[in-house]
Amino acid sequence: MAALSNLCGRGVFIREGRVQFQGPIDEAIRVYLNQDYFGSSRFNLADRTDRSGSGAIRLLAISLRDDQGRTLGSVPCGGICRVAFEYEMRTPTKYPQLAFTVRDSRGQCLSRPSSYDAGFDCETWQSRGILICTLSKLPLIPGRYRLNTEIRAGGEVLDYLEGAYTLEVDESDFFGTGRLNPHSPVLLDQKWSLHP
């Protein structure tokens, strides 16, 4: 989407063979994203047929959880974010890994948390369970973010889903200063000092 915005002045959004919008590229992108970009996550993951991979492990559901395991609809900017991935192992698999990309409304990849990168090396998972990724201080500004998910093992893709979940981030005082003026999509926890 960023490339389209930079390269094109006008855009046409076509759906099922019919022009839905024609006009300035930024407006065409907005119309497209509002109608389609976050839409696929509304469906039950277990029923999704637009996935790829061998199927040895399948994601069944994704949710946000609080520290008592209760399901949340959103998380605050700067808050603790626990993303729960419910899965089913259909074929015994050694050293599975789960990763997900966090993409903004323009499709830009902002981050890619990964069980492998974080050193979470389990030889195997239970046949059915919930894998939780905890982000201790969510660095995203308020808005909606699309999660694409991937489970791999031994270099093979077991389950891949585009738009598996829509992460809702609420406004909050990330820095604890009372100032809510984000200038970028990602906020970095920071400390400043002045020295002579």
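Trainee: Which residues line the second largest pocket?

Mentor: The model is a predicted one, in which local features need pLDDT of at least 70 and side-chain atom pairs count only at pLDDT 80 or more, whereas totals for chains, interfaces and linings use all residues. Residues are numbered from 1 along each chain as its sequence is written, and side-chain values use heavy atoms, with hydrogens and water left out. A pocket, on a 1 Å grid over the protein atoms alone, is an open set of points where a 1.4 Å probe fits, with protein on both sides within 12 Å along at least five of seven lines, and its lining residues have an atom within 4 Å of a point. By that rule the lining of the second largest pocket is made up of F85, L98, F100, P113, S114, S115, A118, F120, L131, I132 and C133.

Trainee: Which element gives the most to that lining of the second largest pocket?

Mentor: Helices (H or I, at least four residues) and strands (E, at least two) are taken here as DSSP runs, numbered from the N terminus. Two or more lining residues of the second largest pocket come from β7 (97-103) and from β9 (128-135). The most, with 3 residues, come from β9.

Trainee: How many of the lining residues of the second largest pocket are nonpolar?

Mentor: Ala, Val, Leu, Ile, Met, Phe, Trp, Tyr, Cys and Pro count as nonpolar, Asp, Glu, Lys and Arg as charged, and the others, Gly among them, as polar. In the lining of the second largest pocket there are no charged residues and 2 polar ones, and the nonpolar ones come to 9.

Trainee: What volume does the largest pocket have?

Mentor: Grid points are joined across faces, edges and corners, and a volume is the space filled by probe spheres set on the points. Counted in this way, the second largest pocket holds about 180 Å³. For the largest pocket the volume is about 370 Å³.

Trainee: Which residues that line the largest pocket are the closest to its centre?

Mentor: The lining of the largest pocket divides into 10 nonpolar, 6 polar and 4 charged residues. Of these 20 residues, the closest to the centre are F175, R179, N181, P182 and L187.

Trainee: Which strands stand at the edges of the sheet of 4 strands?

Mentor: Two strands pair if DSSP finds at least two bridges between them. On that basis 4 strands form an open sheet with antiparallel pairing, in the order β4-β3-β6-β9. Two of these strands each have a single partner, so one side of each is left without a neighbour in the sheet, and these edge strands are β4 (71-72) and β9.

Trainee: Which residue in β9 is the bridge partner of E86?

Mentor: Strands β6 and β9 pair in the antiparallel sense, over 8 bridges. Across this pairing, E86 has as its bridge partner in β9 the residue I130.

Trainee: Is M89 buried or exposed?

Mentor: M89 lies in strand β6 (residues 81-89). Leaving aside neighbours within four places in sequence, M89 is in contact (heavy atoms within 4.5 Å) with A56, I57, T124, W125, Q126 and S127. Buried means under 20% relative accessible area, exposed over 50% and partly exposed in between, with a 1.4 Å probe and protein chains only. At a relative accessible area of 12%, M89 is therefore buried.

Trainee: What is the phi of Y95?

Mentor: Y95 sits in the loop between β6 and β7, and at 44% relative accessibility Y95 counts as partly exposed. Although Y95 is not a glycine, its phi is positive, at about 50 degrees.

Trainee: How many disulfides does the count come to?

Mentor: A disulfide is a pair of cysteine sulfur atoms within 2.5 Å. C8 is partly exposed, with a relative accessible area of 31%. C122 is in no disulfide, as the nearest cysteine sulfur, that of C133, is 14 Å away. By this rule the number of disulfides is 0.
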